[in-house]
Amino acid sequence: MKKIFSTMISLILIIAVVAACSSNNGNTTPNNSTNTGNEVSGEPKQGGNLIIAVASDPVILNPNYAGDRVSLTINQSLYSPLFQVSDGEKTFYLAKSLELSEDGLTYTMTLRDDAKWHDGEAVTADDVVYTIEKIVDETQNSLLRENFIVGGKLIEVEKVDDYTVKFNLPQVNPAFEATLVQVFPIPKHIYENETNLEKSDKNNAPIGSGPFKFKEYKTGEYVSLERFDDYYGGKPYLDGVTYRIAKDTNTANLALQNGEIHVKYVDPQDVSTIEATNNFAIYPYEEGRLAYLNFNQISDTGVLNNIEVRKALSYALDRDELIQVAYTSSDYANAAHSFLTPDGLFHTNDVTSYDYDPEKAKQILSDEGVSNLKLRFIVSSGNKAQEAVALYVQQKLGEIGVQVELQTMDSSAYGQKLNTPTTTDYEVFLGGYIMGYDPDAYRILFTTDSSSNYSHVSNADIDALFLAGAGEGDVAKREEIYKQVQELIASEAIQYPIAYTKTIVAVSNQFGGVEEAKLKPVYIFEDLSKIYMK
């Protein structure tokens, strides 16, 4: 299963989830009436068009296959989720409730009965069942399929009535709600005669159930959406939303400052310049994101298959210095040691850490008989933080006698290379992932033969621990399992964790409703229907 890697650091992406740790955690739901509210600087009004900068063309406008940040962001506006979770509290969208049976093996979901697809058809249990069936259909190649396998068996889904669905688990799985957070149903009546959903022409003019409906897409220029008046959460304020494709960061920043763009991710290095215009509110927020160096163990040189070499590279880097170089301040990043992020269950930074010690790094390489080592570091062009990290790593590894060749490519080529599982012509890249609340989600990054195992690690102990953690219902025992796997991954130097980073978004002062729309990992806004022009 391919995962989204954040565009601020790396454009390979992981499926973004923020999941609850238990069922029935909160019960908020979108307002069924027309949006209301106000902000100090201006009353909300109907109308206007919001222009959001995105770094590339979307890969696909179908949520069963969206794995990059841009596609996920646009799909969030076109399609509705079943529910979302923030700070442990559910907000229901297409679903009204989710109940877990006493034996922990059956989830019963009740759907709202007033949701419509953009063509006017009702959203029903048939659509949810169809969506899940296509996700688990191996021939359909959905990115989400792996998450519907528990203990080697597929989760079963069944329709109870038009607005009730049951999910039957082969064994207790505390992480299942994290899987449901990722599901954005697609319309059965649109896709049911399609043999290949991923390649279907229906994806070119998608029919969703979200607050905005598809209008137009011009490759390399923009994706345009218009308001869906029959949105169950209430008529959106805005007439439309345009996702402007702005691949060059400097050009996009100028467009932002000139008012041609209203919302954009901002690199830490550019915050002061944007703030100086006095036209934008700057929002740094936690995404539950880890920035890290990935070590490719199956490169054609095979050098990083040696744990001692990985340790040496780790000792050669100064984490605090690296954070300052890449993110300008600890205000935007905190030192990381674990592969889990602090917002999730069972995180601990109290694990083996290879702190800066260049002499030790040299000694390890000498003991291993490694000399004249050359590494290829692939870099996405136009990404300031990524370029800064790459240059820093090149310098620091050079000080211990390791030559680093930087291979810069545009974001599309970069993402394609990293999403090809068998790629062997590089050793290092800078990654970033947002996996969500439950640690079971991370197994696809570290278990043998998983399609998102970009390090290509194969460790039977890691595999066993993740398997045990997924099926353990006792919270204390589960916590101990995930502490063990955090230590094992750290001690094996499978990756070099750098920082738990904040995302920074600039929003034009012409628009309000940011708090109501909720800043959300990956998607920017959880519910764009709440954004309004002042």
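Predicted model: local features only at pLDDT ≥ 70, side-chain atom pairs only at ≥ 80, totals over all residues.
**Notebook: loops, cores and helix pairs**

I began with Asn-419, which sits in the loop between helix 11 (411-418) and strand 18 (428-434). Helices here are DSSP runs of H or I with at least four residues, strands are runs of E with at least two, and both are numbered from the N terminus. Residues are numbered from 1 along each chain as its sequence is written, and side-chain values use heavy atoms, with hydrogens and water left out.

Back to Asn-419: its relative accessible area is 22%, so I logged Asn-419 as partly exposed. For the record, buried means under 20% relative accessible area, exposed means over 50%, and partly exposed is in between, with a 1.4 Å probe and protein chains only. I also looked up a distance: Asn-419 and Val-507 are 88 residues apart along the chain, and their C-alpha atoms are separated by 31 Å.

**Cores**

Next I turned to the nonpolar cores. I take a core as a set of buried Ala, Val, Leu, Ile, Met, Phe, Trp, Tyr and Cys residues joined through side-chain atoms within 4.5 Å. The largest one holds 77 residues, and Leu-82 and Phe-167 have the most contacts inside it. Helix 2 (residues 125-136) contributes most to this core, with seven residues. A second, separate core has 52 residues, among them Leu-365, Phe-377, Leu-397 and Ile-504. A handy reminder: in soluble globular proteins, nonpolar side chains tend to be buried together.

I then listed the partners of Leu-82, counting a contact as heavy atoms within 4.5 Å. Leaving out residues up to four places away in sequence, Leu-82 touches Phe-92, Tyr-93, Leu-94, Ala-95, Met-109, Leu-111, Val-128, Leu-180, Val-183 and Pro-185.

Tyr-130 in helix 2 was my next stop. At 5% relative accessibility, Tyr-130 counts as buried. With residues up to four places away in sequence not counted, Tyr-130 touches Ile-186, Lys-188, Tyr-191, Glu-192 and Leu-197. I also checked Tyr-130 against Leu-322: they are 192 residues apart along the chain, with C-alpha atoms separated by 47 Å.

**Helix pairs**

For these I used axes fitted as lines to C-alpha atoms over the stretch in contact, with angles from 0 to 180 degrees between N-to-C directions.

Helix 7 (residues 307-315) packs with helix 9 (residues 358-367) at an angle of about 160°, their axes 8 Å apart. That makes helix 7 roughly antiparallel to helix 9; the cut-offs are under 35 degrees for roughly parallel, over 145 for roughly antiparallel, 65 to 115 for roughly perpendicular, and oblique for the rest. The crossing of helix 7 and helix 9 is left-handed, a term for the near helix being turned anticlockwise from the far one by less than a right angle, with clockwise giving right-handed. I noted Glu-308, Val-309, Lys-311, Ala-312 and Tyr-315 in helix 7 meeting Pro-358, Lys-360, Ala-361, Ile-364 and Leu-365 in helix 9. By class, the residues of this contact are seven nonpolar, no polar and three charged. Here Ala, Val, Leu, Ile, Met, Phe, Trp, Tyr, Cys and Pro count as nonpolar, Asp, Glu, Lys and Arg as charged, and the others, Gly among them, as polar.

Helix 8 (residues 319-327) and helix 10 (residues 384-398) cross at roughly 145°, with axes that come within 8 Å. Their crossing is right-handed. The contact of helix 8 with helix 10 has eight nonpolar, no polar and two charged residues.

Helix 13 and helix 14 (residues 475-491) pack at about 155°, with axes 9 Å apart. That makes helix 13 roughly antiparallel to helix 14, and their crossing is left-handed.

**Two positive phi values and a neighbour**

His-456 has phi near 60°, a positive value in a residue other than glycine. I found His-456 in the loop between helix 12 (443-446) and helix 13 (460-471), and it counts as partly exposed at 21% relative accessibility.

Val-522 has phi near 75°, also positive in a residue other than glycine. Val-522 lies in the loop between strand 21 (519-520) and strand 22 (524-525) and is buried, with a relative accessible area of 0%.

Last, I looked up Ser-299, in the loop between strand 14 (280-295) and helix 7. Ser-299 and His-456 are 157 residues apart in sequence and 9.5 Å apart in space, C-alpha to C-alpha.
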